Amino acid sequence: MEMTGFDADAFLPLSPTDFQILLALEGERLHGYAIMKEVERASAGRVRIEAGSLYRVIARLLASRWIEESEPEDDRPRPGQPRRSYTLTDMGRAVVRAEATRLRDALALARARGILGEAGGR
Amino acid sequence: MSACDLPSGPGEESPGRFSRFLASAYRSLLFLYPQAFRRAFGSEMSAVFECQLQEVNVRPLGRIASNAATLWVFLAAALNLTVTAGTERLRSSMAPGGIPGGRSNPGVSDIPDPGEAAPASPDPWRPRMRWSSGGERGSGWLRQDLGHALRLARRQPGFTAVVSLTLALGIGANTALFSVLHGVLLSPLPYPDADEIVLIWEHQTTYGWTHNGFPAAPVREYRERNQAFQAVGAFAHISSTLTGEGDPERLSAQVVTHEVLEILGAGPEVGRLLLPGDEIPGQAPVVVLGHGFWQRRFGGDPEVVGRQITLDGEPVTVVGVLNKGFRPIQGNPDLWAPLALSGEAWADWRNHFLFAVGRLREGVSLDQGTADLLVLAHQLQQENPKDYAGALVTVESLREATVGAVTVPLWMMMAAAGLVLLIACANVANLYLSRGLAREREFALRVTLGAGRRRLLHLLTTESLVLILPSGLLGVGLALAGLRVLLALEPGRLPRVEEIGLHPWVLLFSAGITLCSSALFGAVPAFRAARTNLAGSLKEAGSRFTQSSGPRRLKSSLAVVQMTLAILLLAGAGLLTRSFIRLQAVDPGFRVENILQARLSLAGGQYREPEQIVAFLDGLQERLTGDPSVSGMAAVSSPPVSMTPQIWLHIEGREPEGDQPPVVSRVFATSGYFDLLGLALLEGRLFDEGDRMDQPRVAVLTRSAAERHWPGESPIGKGIRIGNPDSPSLEVVGVVSDLRQYGIRHRPYPTAFIPFSQATPREFTVMIQAPMGPGEALGSLKSALGELDSTLPLYQIRTLDEVMGADVAEPRFAMFLAGVFGVAAMVLAAVGIYGVLAYTVSQRTHELGIRLALGAGRQGILQLVLRQGLSLAGMSLALGLPGAFAFARLMDSFLFEVGPADPLTFALLALSVLTVALVACVVPAARAAGLDPVGAMRRE
């Protein structure tokens, strides 16, 4: 998709949940449960998303065209398993990058002001 | 790899009943979402939830820990679901439009593509704004209204406390009773395909006994000749003395054919269960231990299998232990032994000691199974006209047999709790209504300033949620405490007590009633508010003089409804109380005070001959004589209020009138028994030293037995036979006063006493007159017994007082519960009436002031208010009394010597309703009469 005129910065800042979910989908094709697990793993267990919140966000991200459903690799029926998987769209990727950049800049600013100390610790 | 891409684990392939239940509960919760959202994501969400459950199940946890973890996952998911569903509904109601569901949702195509729209428009459509605008507006409202509601709750602590407590009580009572109802009645029985399992009894039509035991012969026939059953097994209850390891102990046991444990789906924890081969007489005796007994007595040692234990002096081999989850039917035996009957014993038609359990063939209904056995019963009657006259069968589903007796009482209690909740709700609705009316101006102002109906609804629902959610939590807490009290007071007759708890369904139920109440109280005043005539309300605010009577009428109706419901409950409580008082006043026919009783069994090797048993009792008597703590001793086969066999009575020289001879209760007793219980000798003599084995056999009858069989004449000197027609003849030597052998609620039954020394049963009750108290007497009895034979356990040690107390424990419990509900209902209803009157007086202050100023007497004003209160009570009585009468007829079977239309109860009821109403009127009436006319008119 051509991205002329799409201003990803207009959507910043992202809510932490949106950001985590978009990050989880970067370069991956995941179904809902896998997204939950990935977010939990990536945040070392600090962020947990329940299914209700997850699908509300997914609904919103789908409507925003930041993510899309991807075709399953095969048509094998898998009972009791989430069937739909999601991937980032170009727009979604742009937004998540913009947010990451914003965070990086914010971090750099904080470092420069010495809030985080020399070592950049927590 | 599993479906959810989880590492394989031990529990993965079997999700377990609990998980399956939670998964279906989660699926039902999905209905909280708006339809479009549910269609788009519902199945995905439930799949994700199942993956979460699977993740818990693959963890190597114990069963309890795993269930707890599963429940935790469910609670977190369900809470999240409820909250997001609420937000989603709010969003969808405010921002109507398609829910994007990916390709499947056609609504998506209507949404312009932001990528294309962007260059064309300077103000590109911002998807996030569109999506969150609704949400943010909603959460903005939520934040705003939540803050408002919390401030309001803090500002009116009285209102907050009354509403929260009232509802918490209602919710707590309902949660507690629903958890009982759920555990006992609604949850499935813990057996595989429990619907197929039935209990089979002999129905002895001659005596109207529907739940009689079978002799062995018909059981054999039913077992072999039926068409409708996969299997029929027989069992009997016995008790046995365990000696040799630690203290001797009396154990309860079931002797069973191997089918019984198979039908119940039992499995072994260790070792094996019973096999058909164990039932062949002459085999080395074996037993299977119950899990609880195994834990208690053998510390759960698996090495016990193969060991020999000593039961009634005989060595018996333990072959296995039943698994932990197994729930026995009919009692709680410590061990199971094979029913090893000889061919001769299987041909017996007389000794009714067997019970039968069957499993219906697949697809065969209970009625079909019953019909099959009834056809067989008629055949058996024809084949054995002498032995099997009048005998049919009763077939009961296991569920009916287990919980049938408590089904109606439990539903009645649940209904009572439901009524209390309704009354509580009516009270809260009334309070809300008053506040809603008082806030009419505020609402009018809000509407004028642009708040829509939905906005008002949101505000009021939030307000009531803030009040009611804590009530729900408090209610569940109260339910937990209440359950503990309930189960502690419960007289031990409730089946399946171990299943009672705050099961997820129970919590769902509480959440349901909480949310319904909250929606009700939020919505009703809000709709009233939304209907408010703006200009009218704002204008009217200046004067209460023109207040319409509409709200007052609504509030009055609510109060009348409350009081009517309370009358129903109080009538039930009153009748049960009256009936309990009647019960307490009944003379049992025997002395109850200072009597200690304990059961003994001489089923060991050294008591084979009757003389040995007589010698044992003489020895015991001798050791206790002269002991100051024992002033009398007797032995009896069946003490008062115990299972007492009813046995054929043949009168010599007389043919029985019907097919079957009449029956009497048969009691073996020593000569001291009559004195000990204070039974009066009416005629002839009691037993004496001379009534020994080698002397002529004698019997003493109770008055009712004498009057029934020898009306108008004396039975002394007559010959009777008890049991079989060929049993030894007994001479009636005496008549004693009647006693209520089967408990205080049952009329005295004709009874025949036979001297212990001429019958010598091996198991009996020792009764002791204990003038210094039961503790002392028990000490003496134990030491005397220790000197005689230290291998004998004493069991069922009780005072006769305790026995009599237990006999009326059920009606006492029923009275207690009904009383709690009735009084709670009446207090709530009184608060309701008070609320209406207080409101009316405050609304009419101006009018009352004018009346006073124009010369109306204070007494007149007082009467005005009292009349209003009493007319509310009168209306409630007019509605409630007929209702209570109808309601009471349902309870007829729980009443004792009190009719459902008991005039005294209903008169007292009417009186107390009027009194309570009067008390509720006093404060508002006094306030009205004490008004300062000038001040009242100047106000507003």
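This is a predicted model: local features need pLDDT of at least 70, side-chain atom pairs count only at pLDDT 80 or more; totals for chains, interfaces and linings use all residues.
Let me start with chain A. It has four helices and three strands. Reading from the N terminus, the order is α-β-α-α-β-β-α. Chain A has 122 residues, and 44% of them count as buried. Its accessible surface comes to about 6,600 Å². Carbon and sulfur atoms account for 51% of that surface. Now the contacts. Take pairs in chain A at least 6 apart in sequence. Of those contacts, 63% join residues at least 24 apart.

Next, one helix pair in chain A. Helix α1 covers residues 16-25, and helix α3 covers residues 51-63. Their axes come within 11 Å and cross at roughly 75°. An angle from 65 to 115 degrees counts as roughly perpendicular, so α1(A) is roughly perpendicular to α3(A). Who makes the contact? On the α1(A) side, it is Thr17(A), Asp18(A), Ile21(A) and Leu22(A). On the α3(A) side, it is Leu54(A), Val57(A), Arg60(A) and Leu61(A). By class, that contact has five nonpolar residues, one polar and two charged.

Now salt bridges. How many does the structure hold over all chains? The count is 38. Lys37(A), Glu40(A) and Arg48(A) are linked in it with Glu55(B).

Staying with salt bridges, move to chain B and look at Glu221(B). This residue is buried, at 14% relative accessible area. The cut-off for buried is under 20%. The side chain of Glu221(B) meets two arginines. With Arg220(B), the N to O distance is 3.1 Å. With Arg225(B), the N to O distance is 2.7 Å. Where does that second pair sit? Glu221(B) and Arg225(B) are both in helix α7 of chain B, residues 216-225. They are four residues apart there, so about one helical turn separates them. Arg220(B) has 24% relative accessibility, and Arg225(B) has 27%.

Arg250(B) forms a salt bridge with Glu763(B). Their closest N and O atoms are 3.1 Å apart. Glu763(B) is partly exposed, with a relative accessible area of 26%.

Ser46(B) is in helix α2 of chain B, residues 35-58. Its relative accessible area is 11%, so Ser46(B) is buried. Which residues does it contact, beyond its neighbours within four places in sequence? They are Tyr26(B), Arg27(B) and Leu30(B).

Ser187(B) is in a loop. That loop runs between α6 (157-186) and β1 (197-204) of chain B. Ser187(B) is buried too, at 10% relative accessibility. Leave aside neighbours within four places in sequence again. Ser187(B) is then in contact with His182(B), Arg399(B), Arg496(B) and Glu499(B).

Last one, Phe298(B). It is found in helix α9 of chain B, residues 291-298. At 12% relative accessibility, Phe298(B) counts as buried. What does Phe298(B) touch, not counting residues up to four places away in sequence? Its contacts are Glu245(B), Leu289(B), Phe293(B), Val304(B), Arg307(B) and Ile309(B). Take Glu245(B) from that list. Phe298(B) and Glu245(B) are 53 residues apart in sequence. In space, they are 9.7 Å apart, C-alpha to C-alpha.

Methods. Residues are numbered from 1 along each chain as its sequence is written. Chains are lettered from A and ligands numbered from 1 in the order in which they are written. Side-chain values use heavy atoms; hydrogens and water are left out. Axes are lines fitted to C-alpha atoms, for helices over the stretch in contact, and angles run from 0 to 180 degrees between N-to-C directions. Helices (H or I, at least four residues) and strands (E, at least two) are DSSP runs, numbered from the N terminus. Angles under 35 degrees count as roughly parallel, over 145 as roughly antiparallel, 65 to 115 as roughly perpendicular and the rest as oblique. Contact means heavy atoms within 4.5 Å. Ala, Val, Leu, Ile, Met, Phe, Trp, Tyr, Cys and Pro count as nonpolar, Asp, Glu, Lys and Arg as charged, and the others, Gly among them, as polar. Buried means under 20% relative accessible area, exposed over 50%, partly exposed in between (1.4 Å probe, protein chains only). A salt bridge is a side-chain nitrogen of Lys or Arg within 4 Å of a carboxyl oxygen of Asp or Glu. Accessible areas come from the Shrake-Rupley method with a 1.4 Å probe; for residues, only the protein chains shown count as cover.
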